[in-house]
Amino acid sequence: MGYYSKEIECASRSEIRRLQDSRLVEQVRYVWDNVPYYRHKMEEKGVKPEDIRSIDDICKLPFLKKDDLRDAYPDGLRGAPKKDIVRIHSTSGTTGKRVVAYYTREDLELWDTCVARALCAADITDEDIVQVCYGYGLFTGGLGLHGGAEKLGCMVLPMSSGSTDRQLQFMEDLQSTVLCCTPSYAAYLAETITEKGLRDRIHLRRGIFGAEAWSEDMRASIEASLGIKAHDIYGLTELSGPGVAYECSEQSGMHINEDHFYAEIIDPDTCESLPLGSKGELVITSLTKKGFPLLRYRTRDICILSAEKCSCGRTFVKMSRPMGRSDDMLIVKGVNVFPSQIETVLIQQGYAANYQIIVDRQNHSDTLDVLIEMTPENFSDNLGKITAQEKSLVAELKAMLGIYANVHLVAPKTIARSEGKAVRVIDKRKI
Amino acid sequence: MEVRQISVFLENKAGQLANICRILADAQIDMKALNIAETADYGVLRLITDKPLKTLSVLTKNALVCTCSDVVAVKVPDQPGGLAGVLEVIAEKGISIEYMYSMLSSHFSGNAVMVFQTTESSKVFADAGLSVLDAGEVGINE
Ligand SMILES: [Zn+2]
C-alpha cells in the first residue's frame with residue numbers, strides 16, 4: 001500500500017496543526033493584499049490580518065458563499081495577476097451564473113499532487129492504465145484526474161465523457177485497469193458491460209468515482225458487477241477540483257488533504273462552528289492556492305468530520321461522504337428530502353439507482369413522485385407480486401423520508417440517462 | 001413438454017402493445033394467446049407464442065422486461081357447463097390457481113382451451129382426468 005507524500009500524509013497531528021497555523025497566517029495576509037473583494041469583507045467584520053495568529057482564529061474570518069462567487073464574477077476573487085494564471089475552470093451552475101476559478105502553475109502542481117495522493121491511496125501505481133471518462137474542458141473532473149494520474153506515472157486514456165461504445169472498446173483493447181468517472185456513469189457502464197457479456201474481457205480493478213452523490217449500496221453494486229474496488233473522491237471547482245479529499249483502503253470516509261485545505265463544520269442555519277463529529281455544512285479554507293484563494297468557503301455539502309485513527313496510517317482528518325447538499329436538499333411538505341435517501345431505498349429493494357424525482361404543487365399542497373425503472377429481477381408474471389413490491393417501496397420511502405411519495409414503475413431505459421451528471425430532480429413548483 | 005408463457009412489463013402508455021406486436025411480427029413470431037392484467041400505471045402482458053425462447057430474446061433485445069414461466073393448458077368442451085365442469089374438478093382437488101385466461105383457436109375442433117398459472121404441475125391436472133395439452137398441441141414448435 002503506497003503513499004504519494006508519506007511524510008505529510010502520516011505526520012503527527014501537532015505537525016499538521018503547526019503547518020496549518022503558519023500557512024493560514026500567510027494566506028490571510030496574501031488574500032488581504034491581493035483580493036480586494038475579501039479584504040472588504042474582512043474590513044466590514046473589523047478583522048485585520050494581524051488578528052489571525054493561528055487556526056484557532058479562523059472563526060474570526062468572514063465566510064464566502066456561492067453568491068459571493070457570483071457577485072465577484074468574473075474575476076473579483078482572482079488572487080494573482082493574469083500573467084501568472086495558466087488555466088481556468090468553471091462550474092456549470094444550475095442557476096445560470098457561472099463561477100470561474102483561476103489556477104497558477106503552482107496551483108495546478110498542488111492539485112495534481114492531491115489527486116496523485118488519492119490514486120495512491122486507492123492502491124493505484126505507475127503500472128496502472130487509467131481511463132478518464134470525466135468530461136474534459138471547463139469541468140474539473142477530466143483534467144483533474146488526468147493530471148494526478150500522469151503525475152503518478154500511470155498510462156492515461158483521456159477519453160472524456162460519452163461515446164459508450166468507444167469507451168468499452170478502449171477499455172477492452174488497451175486493458176484499462178482504473179476507471180475514473182461519475183458513479184452514475186460507472187453504474188451505466190457496468191450495466192452495459194453485463195448486457196453485452198463483456199465482463200470477461202475487461203481488466204478493471206479500481207474505480208475513482210466522484211462529482212455526484214452516491215451511496216454505499218450503489219458502491220456495492222458497482223463493485224460486484226465490475227469486479228473492482230470503488231473509491232470516492234471529493235472536490236469542488238471552487239477549491240481546485242477533485243482531490244480535496246480521497247478514500248483510502250478502508251473505504252470509509254475521505255482523508256482531507258489538510259496541508260492544503262482546512263476543514264470546518266458549521267450549522268448551516270446559524271453559521272456557528274460545530275465540534276468534530278457533528279453533522280453540518282462543510283466549510284473549506286484553501287491554505288496554499290494563489291490563483292483563487294478562497295477562505296472559509298461554504299461548500300453546501302452536509303457531512304461529518306472524524307479524527308479517529310485510520311488503519312491506513314494516514315493522519316489527515318476524514319470527512320464522511322456528503323449526505324446531501326444544503327442546496328440540493330428539497331423541501332417537500334416542509335420536510336427535508338435528499339435524493340440520496342431515495343436512492344438508498346431503491347437499491348435496498350433491488351431496483352437500479354436510476355430514478356427521477358418530480359416535485360409539484362397541486363391545490364396548494366406539495367406532491368412527490370418517484371419514477372423507478374422495473375428490473376428483470378423484480379418483474380413477475382404475477383401482478384399481485386408487483387403491486388406488493390410497489391407498496392413496500394412506498395412504505396420504505398415513507399419510513400425514510402417521513403412523507404408519502406407516489407411511486408411509478410416505468411419500463412427500463414425510459415428515464416433519461418446522462419453520461420455526465422444525472423438529472424435526478426425535476427421541481428415544477430413555481431415558488 | 002410444458003407450455004411456456006412469456007410475460008412482459010407494460011407501461012400504460014399509448015402504443016406500447018402495438019410496439020410489442022410489431023416486434024413479434026418482424027421476428028415472424030405467431031401469437032397463440034394473449035392476456036393483460038393491469039393497474040392504473042402499468043400492466044403485465046402474458047403471451048403464448050409459437051417460439052417462446054425467441055420471443056424472450058427478441059423482446060429483451062428491445063429493452064423490454066420479460067420473464068418466462070410454465071403454465072398448464074387444458075382443453076375445455078365448448079358448450080354450456082364446459083368450463084364449470086373443469087373448474088369443479090380443480091376445486092375438488094384443491095389446486096390453487098393464481099390466474100387464468102382463455103386461448104381461442106379454430107384448431108381445437110369444438111373445444112376451447114384455458115390457460116392456468118398454478119403452483120401444481122400439469123401432471124396433477126392430468127391425473128384429475130382433465131385433458132391437458134402439451135406444447136406442440138397448443139402450437140409451440142420451437
Ligand atoms: Zn485511511
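Predicted model: local features only at pLDDT ≥ 70, side-chain atom pairs only at ≥ 80, totals over all residues.

A polar contact is a pair of N or O atoms within 3.5 Å, where within protein one must be able to donate a hydrogen and the other to accept it, and residues adjacent in sequence count only if both atoms are side-chain atoms. Between chain A and chain B there are 8 residue pairs in polar contact, both at pLDDT 80 or more, while the count of salt bridges, each a side-chain nitrogen of Lys or Arg within 4 Å of a carboxyl oxygen of Asp or Glu, is 0.

Residues are numbered from 1 along each chain as its sequence is written, chains are lettered from A and ligands numbered from 1 in the order in which they are written, and side-chain values use heavy atoms, with hydrogens and water left out. The model scores ipTM 0.86 and pTM 0.67.

With contact meaning heavy atoms within 4.5 Å, 19 residues of chain A touch 21 residues of chain B. The area buried between chain A and chain B, that is, the accessible area (1.4 Å probe) that two parts lose on being put together, summed over both, is about 1,500 Å², and carbon and sulfur atoms give 65% of that area. In chain A, the residues that lose the most area to chain B are A:F379, A:D381 and A:L383, together 46% of what that side buries.

The zinc ion is coordinated at 2.1 to 2.2 Å by A:C248 (SG), A:H255 (NE2), A:C310 (SG) and A:C312 (SG), donors being N, O and S atoms within 2.8 Å of the metal (3.2 Å for Na, K and Ca). Angles of 103 to 113° among the 4 donor atoms make the site tetrahedral, a label that requires all angles of four donors to lie between 85 and 135 degrees.

Definitions and conventions
Tetrahedral: all angles 85-135°; square planar, octahedral: opposite > 155°, others 65-115°.
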